[in-house]
Amino acid sequence: NSLLVTRILKQFNWRTHPIIVMEMYSKNLYTSKLKDLTYNDGKVILIDILEALNYLKSQNIVHCDLKPENIFFINNTSYNVVIGDYGMAQVEN
């Protein structure tokens, strides 16, 4: 599902460097330091990550830098997440 990866808002070149502007999120899996995570909350996070990776695979994209810092919470009221930061991503043939 493409809703599980960050949307590209804009693309341009700056001093010969390609720049991709994506949605910004307030917190990520690393900085959140989740302490009282329930089984169901963890399940929501894990399902979103696995579905996002499955979507990337269907698009022949390898993230290459998947880590807690690149998994973002969609909002402050749920445990739904998206995968972001595709600076090192590769498209497989």
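## Asparagine 60 and the basis of the model

Asparagine 60 sits in the loop that joins helix 1 to strand 3; helices (H or I, at least four residues) and strands (E, at least two) are DSSP runs, numbered from the N terminus. The residue comes after helix 1 and, although not a glycine, has a positive phi of about 60°. At 41% relative accessibility, asparagine 60 counts as partly exposed, a class that lies between buried (under 20% relative accessible area) and exposed (over 50%), computed with a 1.4 Å probe on protein chains only.

The structure is a predicted model, in which local features need pLDDT of at least 70 and side-chain atom pairs count only at pLDDT 80 or more, while totals for chains, interfaces and linings use all residues. Residues are numbered from 1 along each chain as its sequence is written, and side-chain values use heavy atoms, with hydrogens and water left out.

## Overall architecture

The protein has one helix and six strands, arranged along the sequence in the pattern β-β-α-β-β-β-β. Along the principal axes, its C-alpha atoms fill a box of roughly 45 × 30 × 20 Å. Of the 93 residues in the protein, 25% are buried. Where contacts (heavy atoms within 4.5 Å) join residues at least 6 apart in sequence, 58% of them link residues at least 24 apart.

## Helix 1

Helix 1 covers residues 39-58, 20 residues in all, and reaches 28 Å from its first C-alpha to its last. This is close to the 28 Å expected at 1.5 Å a residue, the expected span being 1.5 Å times one less than the number of residues. Asp41, Ile45, Asp48, Ile49, Ala52 and Leu56 are the buried residues of helix 1. Viewed down the axis of helix 1, these buried residues fall within an arc of 95°, so they line one face of the helix; the arc is that of the directions from the helix axis to the C-beta atoms. An α-helix has 3.6 residues a turn, so residues three or four places apart point the same way.

The buried residues of helix 1 pack against strand 3 (61-62), strand 4 (71-73) and strand 5 (81-83). On the face turned away from the buried side, helix 1 carries the exposed residues Tyr39, Asn54 and Lys57.

## Nonpolar cores

A nonpolar core is a set of buried Ala, Val, Leu, Ile, Met, Phe, Trp, Tyr and Cys residues joined through side-chain atoms within 4.5 Å. The largest has six residues: Leu4, Val5, Ala52, Leu56, Ile83 and Tyr86. A second, separate core holds five residues, including Ile45, Ile49, Ile71 and Val81.

Leaving out residues up to four places away in sequence, isoleucine 83 touches Leu4, Val5, Thr6, Ile49, Ala52, Leu53, His63, Leu66 and Asn70. Threonine 6, in the segment before strand 1, is buried at 8% relative accessibility. Apart from neighbours within four places in sequence, threonine 6 contacts Met22, Tyr25, Val82, Ile83, Gly84 and Tyr86.

## The largest pocket

The largest pocket contains about 260 Å³ of space. It has 13 lining residues, of which Ile8, Met22, Leu56, Ile61 and Tyr86 are the closest to its centre. Strand 2, helix 1 and strand 6 (90-91) each supply at least two residues of this lining.

Pockets are found on a 1 Å grid over the protein atoms alone, as open sets of points where a 1.4 Å probe fits, with protein on both sides within 12 Å along at least five of seven lines; lining residues have an atom within 4 Å of a point. Grid points are joined across faces, edges and corners, and the volume is the space filled by probe spheres set on the points.

Arginine 15 lies in the loop between strand 1 (8-14) and strand 2 (17-22). Its phi is near 50°, a positive value in a residue other than glycine, and at 64% relative accessibility arginine 15 counts as exposed. Arginine 7 belongs to the segment before strand 1. Beyond four places in sequence, arginine 7 touches Val21, Met22 and Glu23; its C-alpha is 8.7 Å from that of valine 21, 14 residues away in sequence.

Alanine 89, in the loop between strand 5 and strand 6, is partly exposed with a relative accessible area of 25%. Not counting residues up to four places away in sequence, alanine 89 touches Ile61, Val62 and His63. The C-alpha atoms of alanine 89 and isoleucine 61 are separated by 6.7 Å, with the two residues 28 apart along the chain.
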